[in-house]
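Subject: Handover of a structure and the findings on it

Dear colleague,

Please find the structure below, together with its sequence. The remarks that follow set out what was found in it.

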Amino acid sequence: METGTTRVKRGMAEMQKGGVIMDVMNAEQARIAEAAGAVAVMALERVPADIRAAGGVARMADPALIEEIMKAVSIPVMAKARIGHYVEAKVLEAIGVDYIDESEVLTPADEVYHIDKHQFTVPFVCGAKDLGEALRRIQEGASMIRTKGEPGTGNIVEAVRHMRLIMSQIRKVQNMSKDELYNEAKVLGVPYDLLLYVHENGKLPVVNFAAGGVATPADAALMMHLGADGVFVGSGIFKSENPEKYARAIVEATTHYEDYDLIARVSRNLGAPMRGIEISQLTGFDRMQDRSV
Amino acid sequence: MTIHIGVLALQGAVEEHIRSLRRIGAEAVPVKRVEQLGELHGLVIPGGESTTIGKLMRKYGFIEAIRRFAADGKPIFGTCAGLIVLAKRIEGGEEPHLGLMDMTVVRNAFGRQRESFETDLEVAGIDRPIRAVFIRAPLIKEVGPGVEVLSVYRGEIVAARQGRLLACSFHPELTDDSALHAYFVAMAEEAAASGSGAK
């Protein structure tokens with residue numbers, strides 16, 4: 001009997017496919033998310049939109065809050081550690097969270113090194129803007145990838161950019177010859193064997209979700225249409241006018257992303273989505289996607 | 001005759017089941033609408049989150065449609081969340097979903113994700129141990145008289161069969177071994193030959 005194998009860790013993410021993972025800040029929101037059909041919740045003290053507004057250093061959530069959320073629901077509970085913060089991640093593992101997000105939404109603890117995720121029984125999800133970043137995170141032990149997008153903006157444009165780039169890079173790698181692959185591994189700064197996997201299989205070796213800017217059912221369906229395996233919704237639910245309706249509608253639109261009559265039906269009279277931020281207004285450190293490579 | 005198996009595709013590890021079924025020569029398709037059930041010889045309910053899958057099944061009329069499918073004598077195979085969805089009783093007060101198999105199941109029975117594991121497992125009807133991947137897995141606490149226990153791990157029931165219903169706690173679709181899928185396809189072939197198959 002073996003725990004924490006690659007298959008067990010990646011398999012956990014495979015069970016989340018076609019589903020919606022929702023950010024929640026307390027037990028009540030976690031129950032709303034579960035009742036709406038979320039496949040997991042991300043336990044946070046503040047959703048990304050509030051982290052932006054609050055400023056200062058954003059850290060791992062209070063273990064008491066995470067435990068309260070774990071007690072409130074039967075679905076998996078994820079939590080975020082700062083990039084490179086090995087100890088925050090070990091604390092989250094000790095608490096018993098089901099998945100750790102090594103996340104650029106929090107203030108990075110290390111500007112060079114990510115966590116060596118092979119040293120954990122619990123699986124990790126990491127953000128990526130392109131294929132190179134995705135494969136570097138997988139090499140470090142990530143069992144799930146998500147686009148970075150631009151968290152807390154309610155603006156889908158960056159998640160679209162990242163998903164489109166990853167997918168087009170995968171298609172390009174698929175058609176490369178061996179000698180081109182050797183060079184591409186060097187150009188992307190990734191191990192050759194992972195690139196070979198992409199070449200042979202036409203996909204990442206782990207599940208690839210969309211995240212960072214999903215605010216409406218149509219946004220979620222768009223990301224599925226572009227090839228996402230599932231969707232993270234951060235601020236989009238509990239910063240909207242009617243979180244319960246938004247949560248249910250986004251779950252349905254993710255399952256039936258090609259059924260436009262259904263998306264029209266679930267999108268009717270939802271009330272206002274989260275307000276949103278135009279990306280060009282963000283510069284420097286406010287661009288969370290630039291916090292790691 | 002080619003056997004057509006559907007994989008319920010509301011949420012979860014759908015592709016993996018399709019791959020496992022195609023590997024042994026069955027036709028396999030994702031099922032998102034109840035109308036698709038009529039074309040099938042058998043149905044797989046995959047792993048995923050049972051609360052999500054159960055909710056979406058209710059919303060789109062799959063509960064009644066799959067009960068009719070079973071009443072027509074067509075085989076159903078539930079893995080992990082699929083096992084929970086098939087059970088008549090779910091410990092802890094959660095409403096049963098399809099309520100077809102006479103058994104009581106316990107969700108997340110082995111613990112949280114860090115306790116998830118893989119192991120070699122003996123399964124009745126399969127001539128060699130198979131690799132079984134347990135992810136936040138449920139177990140079968142007790143079974144009614146019509147249910148045959150197919151596998152036990154450390155004293156807990158992890159696979160069972162009741163007539164043309166098959167269920168396991170673990171994920172045969174996450175390995176390269178299609179032995180359990182072959183067992184299920186054989187059930188579908190037998191059902192089809194006896195006249196309860198698709199058109």
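A residue is called buried when its relative accessible area is under 20%. By that rule B:Cys80, with a relative accessible area of 5%, is buried. Please note that this is a predicted model, and that every value quoted here is computed from it.

Cysteines

A disulfide is a covalent bond between the sulfur atoms of two cysteines.

The eight-stranded sheet of chain A

Chain A contains an open sheet of eight strands in the order S8-S7-S6-S5-S4-S3-S2-S9, with parallel pairing. Strand S8 (207-209) and strand S9 (231-233) stand at its edges; each has a single partner strand, so one side of each is left without a neighbour in the sheet. From one strand to the next, the twist averages 30 degrees. At one end of this order, strand S7 (residues 144-147) of chain A and S8(A) are joined in the parallel sense by three bridges, and A:Arg146 stands opposite A:Phe209 in S8(A). Helix H12 of chain A packs on the sheet, where it touches S2 and S9 of chain A, and its direction makes about 155 degrees with that of S2(A).

Helices of chain A

Two packed helices are described by the angle between their axes and the distance between the axes. For helix H12 (residues 243-255) and helix H13 (residues 260-267) of chain A, the axes come within 9 Å and cross at roughly 175 degrees. H12(A) and H13(A) are therefore roughly antiparallel to each other. The residues that meet are A:Ala249, A:Glu252 and A:Ala253 from H12(A) and A:Leu262, A:Ile263 and A:Val266 from H13(A). By class, this contact comprises five nonpolar residues, one charged residue and no polar ones.

Helix H2 (residues 27-36) of chain A is mostly covered, with seven of its 10 residues buried. Among them are A:Gln29, A:Ile32 and A:Glu34. Which elements cover the buried residues of H2(A)? The cover includes, from chain A, strand S2 (20-24), strand S3 (40-43), helix H4 (63-72), helix H11 (235-238) and H12, and, from chain B, helix H2 (50-59).

Within helix H2 of chain A lies A:Ile32, which counts as buried because its relative accessibility is 19%. Leaving aside residues up to four places away in sequence, A:Ile32 touches A:Phe238 and A:Glu244. The C-alpha atoms of A:Ile32 and A:Ala134 are separated by 32 Å, the two residues being 102 residues apart along the chain.

A buried loop residue

A:Gln16 has its place in the loop between helix H1 (6-14) and S2 of chain A. Is A:Gln16 buried or exposed? A:Gln16 counts as buried, because its relative accessibility is 0%. Its contacts, not counting residues up to four places away in sequence, include A:Ile21, A:Val39, A:Pro76 and A:Phe209, as well as B:Gln11 and B:Glu49 in chain B.

Strands of chain B

Strand S3 (residues 42-45) of chain B is covered on both faces: B:Gly42 and B:Val44 on one side, and B:Leu43 and B:Ile45 on the other, are all buried. Strand S1 (residues 4-8) of chain B runs parallel to S3(B) and is joined to it by three bridges; B:Ile5 stands opposite B:Gly42. S3(B) is also joined by three bridges to strand S4 (residues 76-79) of chain B, again in parallel, and the bridge partner of B:Val44 there is B:Phe77.

A sheet formed by both chains

Three strands form an open sheet in the order S1(A)-S7(B)-S8(B), with antiparallel pairing. Strand S1 (2-3) of chain A and strand S8 (130-134) of chain B stand at the edges; each has a single partner strand, so one side of each is left without a neighbour in the sheet. Five bridges join strand S7 (residues 117-121) of chain B to S8(B) in the antiparallel sense, and B:Asp120 stands opposite B:Arg131 in S8(B).

With kind regards

Notes: Residues numbered from 1 in each chain as written. Chains lettered and ligands numbered in written order. Predicted model: local features only at pLDDT ≥ 70, side-chain atom pairs only at ≥ 80, totals over all residues. Heavy atoms only, no water. Buried < 20%, exposed > 50% of the residue type's maximum accessible area, 1.4 Å probe, protein only. Helix = DSSP H or I, 4+ residues; strand = E, 2+ residues; numbered from the N terminus. Pairing = 2+ DSSP bridges. Axes fitted to C-alpha atoms, helices over the stretch in contact; angles between N-to-C directions. Parallel < 35°, antiparallel > 145°, perpendicular 65-115°, else oblique. Contact = heavy atoms within 4.5 Å. Nonpolar A, V, L, I, M, F, W, Y, C, P; charged D, E, K, R; others polar.
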